[in-house]
Amino acid sequence: TIDGWSPFADVQLVDYYLAPATDGTNTKTLVRAVTRNLAPAGLTSPDLQPLLTRVADAAIDFYDGTAWTSAWDSAASGTMPTAIRFSLSLADPATGRPLGDPVTLVVPVVVTTSAQATATAESGT
């Protein structure tokens, strides 16, 4: 229900991307773009939220239980990844090159789809 206290639907489209820096440095800015109205009568612009400046590189990888991959299509596979890895490298403002090792965060995905539950039940594990 959309009302005065909940102005947006529960389902939103969220994109993350690297944009060129606007501060004159040779770096990038990590940006989150949120589209809250997925069935608009007209074209709507996403709400752009700069999250972090002076970024050299960022990557998201997905773990399928045996290997990491850089792309995931839940509609095609009918499953969810078992973990998601996010890596981020900060940049030297003068050169744009990475400063040290990337910061890496690995998050397990504890959601089970019906296809995964069926496969697990059929295998007996």
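Reader: Which residue in β3 is the bridge partner of Leu30?
Author: Just so you know, this is a predicted model: local features need pLDDT of at least 70, side-chain atom pairs count only at pLDDT 80 or more, and totals for chains, interfaces and linings use all residues. Residues are numbered from 1 along each chain as its sequence is written, and side-chain values use heavy atoms, leaving out hydrogens and water. Strands are DSSP runs of E with at least two residues, helices are runs of H or I with at least four, and both are numbered from the N terminus. As for Leu30, its bridge partner in β3 is Leu52.

Reader: How many bridges join β2 to β3?
Author: Two strands pair if DSSP finds at least two bridges between them. β2 and β3 run antiparallel, and the number of bridges joining them is six.

Reader: And which residue in β5 is the bridge partner of Ala59?
Author: β3 pairs with β5 too, in the antiparallel sense over eight bridges. For Ala59, the bridge partner in β5 is Ser87.

Reader: Back in β2, is Thr29 buried or exposed?
Author: Thr29 sits in strand β2. Contact means heavy atoms within 4.5 Å, and, leaving aside residues up to four places away in sequence, Thr29 touches Tyr17, Leu18, Ala19, Ala21, Pro50, Leu52 and Thr53. The scale goes like this: under 20% relative accessible area is buried, over 50% is exposed, and partly exposed is in between (1.4 Å probe, protein chains only). Thr29 has a relative accessible area of 10%, so it is buried.

Reader: How far apart are the closest N and O atoms of Arg54 and Asp23?
Author: A search of the whole structure finds three salt bridges, a salt bridge being a side-chain nitrogen of Lys or Arg within 4 Å of a carboxyl oxygen of Asp or Glu. One of them is between Arg54 and Asp23. That pair links distant parts of the chain, 31 residues apart: Arg54 is in strand β3 (residues 47-63), while Asp23 is in the loop between β1 (13-20) and β2 (28-35). Their closest N and O atoms are separated by 4.0 Å.

Reader: Why does the salt bridge of Arg36 and Asp47 tie together separate parts, and how many residues apart are they in sequence?
Author: In this salt bridge, the closest N and O atoms are 3.3 Å apart. Because Arg36 lies in the loop between β2 and β3 and Asp47 in strand β3, the pair ties together parts whose separation in sequence is 11 residues.

Reader: Is Asp61 buried or exposed?
Author: The side chains of Asp61 and Arg85 meet in a salt bridge, at 3.2 Å from N to O. Arg85 lies in strand β5 (residues 83-90) and Asp61 in strand β3, so this pair ties together parts 24 residues apart in sequence. Arg85 counts as partly exposed at 23% relative accessibility. Asp61, with a relative accessible area of 15%, is buried.

Reader: What is the angle between the planes of Phe62 and Trp72?
Author: Rings of Phe, Tyr and Trp (its six-membered ring) pair if their centres lie within 6.5 Å; planes under 30 degrees apart are stacked, over 60 edge-to-face, and the rest tilted. The structure holds two aromatic pairs. Phe62 and Trp72 form a tilted one, 6.4 Å centre to centre, with the planes at 45 degrees.

Reader: Where does Trp72 lie?
Author: Phe62 counts as buried at 17% relative accessibility, whereas Trp72 at 25% counts as partly exposed. Phe62 lies in strand β3, so the pair ties together parts 10 residues apart in sequence, and Trp72 lies in the loop between β4 and α1 (74-77).
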